[in-house]
Amino acid sequence: SFELPSAPGGAHSVMRVLPSMLVSAAGTTILKLGYCGTKFLSWTYCISPELAVRTINEGQVKRLEGAEYSENGTLMDFQIELVQREHNADKADGLMIISDFARDGFNAVLGCGYSSVTVDAATYGRASETVMIGYSATSPRLSNKELYSYFLRLCTPDSAQATVITDVMQANDWHQFVFLSTSDAYAQGLADYVAKLETERTELQLKGTYQSVEFAADF
C-alpha cells in the first residue's frame, strides 16, 4: 500500500510513478506491468509507456535509494516487463484485459484510458487487489478510495475541469447556458459537476442538459 502524488495527465507521467512502485516492490526481480489502452486517444498513449519503462530499466532517471546499478547505470536488482493490450474503447474488453493481467500475476496495470472503461475495470481491480494507474481517466467516481482503493490517478478529475468551465462563463459575463454531452462516464461526470457548481453560483443558470447516445470515441 502506498500513496503517490498527482501528476499531469498522459501515459508519459508513469515515469514519475514507476520508480516509487519499484521501491515498494523491494525483493522483486521482475516487476510485471500491464498496459490497457487504446489508439483512439493518441498514438503517444501507446508509445509513452514503452519509452518510460525503457528509460527506467536503463537507469536514466534519478537513482532509487537502496537499488543496485551496474557500471553503465542500468538497474541490476529490478527490471520492468511491459505487456501492452488494446481495449478499443469497449468496457467488456477492458474487464477481460484487467482480469487476464490479475490472473497472470501482474504487479500493476496502466489503464484504461477512457473513464467509461476504467470505472468498471477499477471495480474489478479492487476485488482482485490489482493496482491500477489511471493516466487519463477523469471520472470523479474514481476519487472514492473506499470503492477504488487500488486505483491511482495521474490527472485532475472532472470537478477541476467543471470549475474552469464555469469560471470562463463568469469571466465572459454569460449567465444562461445549456450543456451538451455524450452519454459515457467522462461526459456524465463533467455534466454533473457543472450542474453542481451552477447551483452554487447564483449568477449562472443552467437551462437544460442534453445527452447523445453516441460514445465520445466515435467523434
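Where is the place of I165? I looked it up and found I165 in helix α5. I note that the model is predicted.

**Entry: I165**

I checked how open I165 is. Its relative accessibility is 30%. Next I listed its contacts, skipping residues up to four places away in sequence. I165 touches L190 and V194. I then took the C-alpha separation of I165 and L190, and got 9.8 Å. Those two residues are 25 apart along the chain.

**Entry: surface patch**

I stayed with α5, which covers residues 158-171. V164 lies in this helix. I found V164 again in a nonpolar surface patch, together with V168 and W174. The patch area is about 280 Å².

**Entry: cores**

The largest nonpolar core has 18 residues. I asked which members touch the most other members, and got I98, C112, M132 and L142. Helices α3 (91-103) and α4 (115-128) each supply at least two residues of this core. The largest share comes from α4, with 4 residues.

**Entry: C112**

I picked C112 and left aside its neighbours within four places in sequence. C112 is in contact with C36, G37, H87, I98, V117, T118, A121, M132 and Y135. I98 and M132 also stand among the core members with the most touches.

Note on methods. Residues are numbered from 1 along each chain as its sequence is written. This is a predicted model: local features need pLDDT of at least 70, side-chain atom pairs count only at pLDDT 80 or more; totals for chains, interfaces and linings use all residues. Side-chain values use heavy atoms; hydrogens and water are left out. A nonpolar core is a set of buried Ala, Val, Leu, Ile, Met, Phe, Trp, Tyr and Cys residues joined through side-chain atoms within 4.5 Å. Buried means under 20% relative accessible area, exposed over 50%, partly exposed in between (1.4 Å probe, protein chains only). Contact means heavy atoms within 4.5 Å. Patches are made of residues with over 30% relative accessible area and no salt bridge: like charges are joined within 9 Å, nonpolar side chains (Val, Leu, Ile, Met, Phe, Trp, Tyr) within 5 Å. Accessible areas come from the Shrake-Rupley method with a 1.4 Å probe; for residues, only the protein chains shown count as cover. A salt bridge is a side-chain nitrogen of Lys or Arg within 4 Å of a carboxyl oxygen of Asp or Glu.
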